[in-house]
Amino acid sequence: MTTRQSLLYAYPWTPYPRRVIIYLREKAIPSSLVTVVRVSDPQLGDAAPPEYPPRPAGSLPILAMPTNDSPGHATYTYIRQSNAIMNYLDELCDEGLHGFSLSKYSMRGADALSRARNTEILSLADDCNLAWNPVRMFGSGAGTMSIPAASKEMMRWVRRPLATIESWWKDRDFSSLRQGESGQVTMDQYVAVDEFKRSIRLMVKSACVRAQKDNRVILITTPPLDERKMLFFAQEKYPNLSRELRRTAVNTAVYA
């Protein structure tokens, strides 16, 4: 059977498309079978590169599978949602179908219980992502409304599924993920804008600062993270990752 190249339309910086991109790396699926098509930021056109067919409608990721090879008249079958895409590809790998090499192991699980556990973990990860969006939107300059209390409350809903996952692997050390010891940004390093401002005011009004009556105090704060350094290390691990920086001057100015 002739192998046809599928296209994975994705925003490489967002969690659900990255889940599929990581899956492709772990399974060593070559770009000749599935090519990652990096779609530009919605504020910058939300478009695929010109050498590929236009971006399909719908939320990303989307897997486009060609149903014919007619020049200029290619048609596609689409699979949406990251879990559906990974399940489909893993079945092809398990069976060695459509040009995919026979997999050495199944990421879905070798039996019914393993597959159920895998689905549990993915569902808990989805819960984290869904809860994190209001934390980010209500507690930072990324959203249109600032509701610090709502942001703080939703953090509890982020921690709950994480605690469940952690309880399943009690022999693992998760301290670096909680405390940022590995140098990576964690949710504990996230600071809402209002909380950031309040902390600055407390520092400026502290007794030690106020005691310096005859001196002018200049308070210099570091950015929340060094995205260029993070992107450098991320690209070493994932060479095809987008090189676009996401931290804009406009958003950073909210904290200035």
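This tour moves through a predicted model, selection by selection. Local features require pLDDT of at least 70 and side-chain atom pairs pLDDT 80 or more, whereas totals for chains, interfaces and linings use all residues. Residues are numbered from 1 along each chain as its sequence is written, and side-chain values use heavy atoms, with hydrogens and water left out.

Select Tyr76 and Tyr78 to begin. The whole structure holds two aromatic pairs, where rings of Phe, Tyr and Trp (its six-membered ring) pair if their centres lie within 6.5 Å. Tyr76 and Tyr78 form a stacked pair, 6.3 Å centre to centre with 25 degrees between the planes; planes under 30 degrees apart count as stacked, over 60 as edge-to-face and the rest as tilted. Tyr76 is partly exposed because its relative accessibility is 24%, and Tyr78 is likewise partly exposed at 36% (buried is under 20% relative accessible area, exposed over 50%, partly exposed in between; 1.4 Å probe, protein chains only).

Next, select Lys27 and Tyr105. Lys27 lies over the face of Tyr105, at 4.8 Å from the ring centre (NZ of Lys or CZ of Arg within 6 Å of the centre and within 35 degrees of the ring normal).

Ser101 is exposed, at 60% relative accessibility. Beyond its neighbours within four places in sequence, Ser101 is in contact (heavy atoms within 4.5 Å) with Cys93 and Gly96.

Finally, select Thr35. Thr35 is buried, with a relative accessible area of 9%. Leaving out residues up to four places away in sequence, Thr35 touches Gln5, Ser6, Leu7, Leu8 and Tyr52.
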